[in-house]
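Reader: I want a close look at one part of this model. Please stay with the architecture, then show what gathers around it.

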Amino acid sequence: MEHELIIQSLNKISAEGAYFLNNINLALPRGSRLSVLGPSGSGKTTLLRMIAGLDAPDSGDIRFNGASILNLPPHKRNFGMMFQDYALFPHLNVFANIAFGLKMKGMPKQEQIPIVEQMLALTNLEGFENRKIDELSGGERQRVALARTLAPGPRLLMLDEPLSALDRVLRKHLLDQLTQILSRLHITTIFVTHDHEEAFAAGSQIILMNRGCIVQSGTPKDLTQHPVNDWVRQFMG
Ligand SMILES: Nc1ncnc2c1ncn2[C@@H]1O[C@H](COP(=O)(O)OP(=O)(O)O)[C@@H](O)[C@H]1O
Ligand SMILES: [Mg+2]
């Protein structure tokens, strides 16, 4: 099996000597979907930020397609990260939000148009290009954020708690919508959540984190049927 993303012995230590990330090891095949599950403060966002290049580890390596990427700045990694609060631009319309990364790359408007149209179709947002962000529902905003993240054609997609900003009642429906969109893509995806049902729906492999460590990794079935300790059993409910 060919591994696209490999993380080796990754550590991030606070000034006081506490571990934010403690010996993280991970290997993802191309096109796979991983869920990173864990309670608040377990290090999930810290791990994504290291992969994205927004933060540097104290030791260990992150490799992509066989080469270390630690010295590459975020924009050269060509990874897409969707943040918990979506970080959309409220003063720009849907088109401009989705085209943002393309514009930053210096792509002419004529070339942006077909890509944005393709992203609108993928996320079921056809006809929304001139809408303002504050006229959209939470679920529509989430899909604009996903379309914006995907437009530049990232090599890796990372979603940090993509449903947590949404109404609890709608979450199940929006999770279905989101996993349907993800299954149409052939891009390696890391889905971060504190909710095990979300994790199981979004990823075929799960890593469960606590206090900066991977406590258990495996399939949803491994975690529910063969928890490695009482903490895992309790966390899984
Ligand atoms: N650069 C940093 N400076 C200070 N604290 C940090 C830093 N990076 C991570 N942390 C701490 O590491 C812990 C894990 O945080 P985080 O990765 O945001 O957890 P999660 O996303 O799982 O809720 C938290 O206690 C957080 O405050
Ligand atoms: Mg987080």
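Reader: In which order do the 6 strands of the open sheet stand, and what is their pairing?

Author: A note before the details: the model is predicted. The 6 strands form an open sheet in the order S6-S7-S8-S3-S9-S10. The pairing is mixed. Strand S6 (79–82) and strand S10 (213–218) stand at the edges. Each has a single partner strand, so one side of each lacks a neighbour in the sheet. Direction ignored, neighbouring strands here are turned by 15 degrees against each other on average.

Now the pairs within this sheet. Take the hairpin first. S9 and S10 make a hairpin, with 2 residues between them. Arg211 sits in that turn and has a positive phi of about 50 degrees. The two strands, S9 and S10, run antiparallel and are joined by 5 bridges. Met209 has Ile214 in S10 as its bridge partner.

Another pair has a parallel course. Strand S7 (residues 156–160) and strand S8 (residues 188–193) run parallel, and 5 bridges join them. Leu157 has its bridge partner in S8, namely Thr189. H1 touches strand S3 (33–37), S6, S7, S8 and strand S9 (205–210). The direction of H1 makes about 155 degrees with that of S7.

At the S5 end, strand S4 (residues 59–64) pairs with S5 over 2 bridges, in the antiparallel sense. Phe64 stands opposite Ala67 in S5.

Helix H1 (residues 44–52) supplies 3 residues of the shell, the largest share. The ligand is surrounded by Phe20, Pro39, Ser40, Gly41, Ser42, Gly43, Lys44, Thr45 and Thr46. By class, the shell residues are 2 nonpolar, 6 polar and 1 charged.

A polar backbone atom of Ser42 is 3.2 Å from an oxygen atom of ligand 1. For a polar backbone atom of Gly43, the distance to an oxygen atom of ligand 1 is 3.1 Å. Thr46 contributes a side-chain atom: this polar atom lies 2.5 Å from an oxygen atom of ligand 1. Taken alone, ligand 1 exposes 560 Å², and the protein buries 55% of that.

Technical notes
Residues numbered from 1 in each chain as written. Chains lettered and ligands numbered in written order. Predicted model: local features only at pLDDT ≥ 70, side-chain atom pairs only at ≥ 80, totals over all residues. Heavy atoms only, no water. Near = heavy atom within 4 Å. Polar contact = N/O pair within 3.5 Å; in protein donor to acceptor, adjacent residues only side chain to side chain. Areas by Shrake-Rupley, 256 points an atom, 1.4 Å probe, with all protein chains shown as cover. Helix = DSSP H or I, 4+ residues; strand = E, 2+ residues; numbered from the N terminus. Nonpolar A, V, L, I, M, F, W, Y, C, P; charged D, E, K, R; others polar. Pairing = 2+ DSSP bridges. Axes fitted to C-alpha atoms, helices over the stretch in contact; angles between N-to-C directions. Contact = heavy atoms within 4.5 Å.
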